[in-house]
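Dear colleague,

I am passing on the structure below, together with notes on what came out of going through it. Please read the notes with the coordinates open beside you.

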Amino acid sequence: SYSCTVDDRTYSTTPLVSFLQRLQSEALKTLGPSSFDPKFYVDLPLKKDLSLTEAAFWKLPRVKGIIPEKYLRRFLEAYFDDAGDDMVYTEPEDFVPEPVEFLPKVLNPKVRVWALEVHSLWKNLSRRVSDNVKKYPERHTLLPLPEPVIIPGSRFKEVYYWDSYWIIRGLLVSKMYDTAKEIVNNLVWLVDAYGHVLNGARVYYANRSQPPLLSSMVMEIYTRTGDLEFVRKSLPSLMKEYTFWISGIHKVMIRDLHGHKHSLSRYYARWNKPRPESATIDVESASKFLNDSDKEAFYREVASTAETGWDFSSRWMSNSFDLSTLSTTSIVPVDLNTYLYKVELDIAFFAQQLGDIKTHEKFFKASKARQFAIRSIFWNAEMNQWLDYWIRSKDCEDVHQFEARNQNDRIFASNFIPMWNWKHASGLGENNIMVERILESFQKSGLLQPAGIVTSLSNNGQQWDFPNGWSPLQHLIIEGLSNSGSKAGWELAQDIAVRWIRTNYAAYNTTGAMHEKYDVKGCGKVGGGGEYKPQTGFGWSNGVVLALLEEFGWPFDRDIECRS
Ligand SMILES: OC[C@H]1O[C@H](O[C@H]2O[C@H](CO)[C@@H](O)[C@H](O)[C@H]2O)[C@H](O)[C@@H](O)[C@@H]1O
């Protein structure tokens, strides 16, 4: 893998996380792998101090090295609150059962009733950090966020970075502007404390971030509310977060065939150990590596893949069926650089609104440079798609020489994510013929399935692969298509939105829940695969359904039931 003279120091773990990880591994020995969720153990809040808890743990009886189930359960009850007890329910103050002017274009009565139910799910997912966390922070892996949040749901009991963007998109449809601002204030608090937004608000997520969408959250809120003071308060943290992504281990320089040097970014976690929330799984996956440095390199790739938000996917593997070939830190991803291009444009815009012309010019210039880089390094004119770039060179190089064969020509939904910034990202959007070619390439790609856009074409059991479709990817591509300026693009966007809304509705009717992911091979099927049981709730799916219903509406006479 790519190894350069970068500062790739790792975060140190905390005594609490080390202990909970030990408990997790002992619990697996006691309870066995069926229905075992390792995250449960590292989320347990301590009732007493760590030293007392540890002392009691070491005194537990062991039979052939294993703690009998009865003693383990008694210990858990005596020394821990339940996972999630430190995130308490709080009524969102700006929630009303039917907001004024709610989804005026949704005319079909069944869809309206359902949309109001989805809207009401914000109440189920609303939480604030308990006072106990603030009083005894050393007893919790949960971070003491200052304001209420909306969580994704089920096992994801804490705020997540990129999930929050689509949660906010939905909250804005629900006219819950204060709740939306509170989420951003929490993420800004994380930037101020750590220099970046954490993957999620747990101490064990500090070693990595997730796709950078904080500026987009601020932009969406500003567009709806016109609250310039909110922008003024957030801007310094947006600039701080930007530095995290464009420097140090995240930065990659590539020289194109004309000799231009481009500065792009990659995902790279400051971690080379098992992820605490999945440590038992990671240790097992790493067991095929014989020496410690190979194991560490593998753990680094695993954590860096969690930073991508696509954990896990054939997109990051040189062999789609072998997780041990994860190579995330050697990949310069199309989507990450699309998001950073948006960060640059957003900061330039905010600075202009605030009269800071120097900052405006600096960030506008940076956006132009990245636009040029996206076109030079990712664009593939034969496929009419944007492709991830793999750094193949073994040796440390300050600037990598572009070679066309290093673009990854496998098909992923991410190959079309630059459409999200379509009018600017490649310069291609100004040219209608190119727009039509990209649309044609998308339609022929195999990504469009009966119930939405599939993540990849590889059916390998990973959750960010075939046949799963994810709400954020649907929304990014649909929004890109609908902003393409082409009639055919808008119609395709609406077609995908209708498929996606129908499948969410059908699954909701049969299961009573909104899901984290869906199987897009057929309408009403829920997703699967990956390392944990499929989750319900679910923040970003609720947000995307509401946002799509707002954009496209639902006519009175259009059926909501599955077509096939
Ligand atoms: O516990 C395993 C992994 O779970 C998270 O990833 C998945 O859920 C997140 C919350 O909805 C979502 O943001 C991410 O895209 C999903 O793949 C977590 O983010 C990972 O860090 C964690 O290892």
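Helix α8 passes α10 in a left-handed crossing. The contact is made on the α8 side by K181, V184, N185, V188, V191 and D192, and on the α10 side by F230, S234, S237, K240 and E241; by residue class, this contact divides into four nonpolar, three polar and four charged. The axes of α8, which covers residues 177-194, and α10, which covers residues 228-246, come within 9 Å and cross at roughly 40°, and the two helices are therefore oblique to each other. Please bear in mind that the model is a predicted one, and that this applies to everything that follows.

A second pair is formed by helix α17 (residues 471-482) and helix α18 (residues 487-511), whose axes come within 7 Å and cross at roughly 155°. Because angles over 145 degrees count as roughly antiparallel, that is the description given to α17 and α18, and their crossing is left-handed. From α17 the contact takes in S471, Q474, I478, L481 and S482, while α18 contributes G489, W490, L492, A493, I496, A497 and W500. The residues of this contact divide into eight nonpolar and four polar, with no charged residue among them.

Helix α1 runs over residues 15-31, and at 1.5 Å a residue its 17 residues should span 24 Å, which agrees with the 24 Å between its end C-alpha atoms. Which residues of α1 are buried? They are L16, V17, F19, L20, L23, Q24, E26, A27 and T30, and what covers them includes α2 (38-42), α3 (50-58), α4 (69-79) and α11 (279-286). As background to reading such a list, an α-helix has 3.6 residues a turn, so residues three or four places apart point the same way. Just after α1 comes G32, which takes a positive phi of about 80°.

Helix α7, residues 161-173, is mostly covered, with 13 of its 13 residues buried. The helix is followed by K175, whose phi is also positive, near 60°.

With a relative accessibility of 3%, D282 counts as buried, and, once neighbours within four places in sequence are set aside, D282 is in contact with P274, R275, F298, Y299 and V302.

N384 sits in the loop between β7 (379-380) and β8 (385-386). Why does N384 count as buried? Its relative accessibility is 11%, and buried means under 20%. Not counting residues up to four places away in sequence, N384 touches W379, F416, M434, R437, I438 and S441.

F538 is placed in the loop between β14 (517-519) and α19 (539-552), and F538 is buried, with a relative accessible area of 1%. F538 and E516 are 22 residues apart in sequence, yet their C-alpha atoms are 5.6 Å apart in space. E516 is also among the residues that F538 touches when those up to four places away in sequence are not counted, the others being L125, P152, G153, F156, D163, M514 and H515; of these, D163 falls within the range of α7, residues 161-173.

With best regards

Notes. Residues are numbered from 1 along each chain as its sequence is written. This is a predicted model: local features need pLDDT of at least 70, side-chain atom pairs count only at pLDDT 80 or more; totals for chains, interfaces and linings use all residues. Side-chain values use heavy atoms; hydrogens and water are left out. Axes are lines fitted to C-alpha atoms, for helices over the stretch in contact, and angles run from 0 to 180 degrees between N-to-C directions. Helices (H or I, at least four residues) and strands (E, at least two) are DSSP runs, numbered from the N terminus. Angles under 35 degrees count as roughly parallel, over 145 as roughly antiparallel, 65 to 115 as roughly perpendicular and the rest as oblique. A crossing is left-handed if the near helix is turned anticlockwise from the far one by less than a right angle, and right-handed if clockwise. Contact means heavy atoms within 4.5 Å. Ala, Val, Leu, Ile, Met, Phe, Trp, Tyr, Cys and Pro count as nonpolar, Asp, Glu, Lys and Arg as charged, and the others, Gly among them, as polar. The expected span of a helix is 1.5 Å times one less than its number of residues. Buried means under 20% relative accessible area, exposed over 50%, partly exposed in between (1.4 Å probe, protein chains only).
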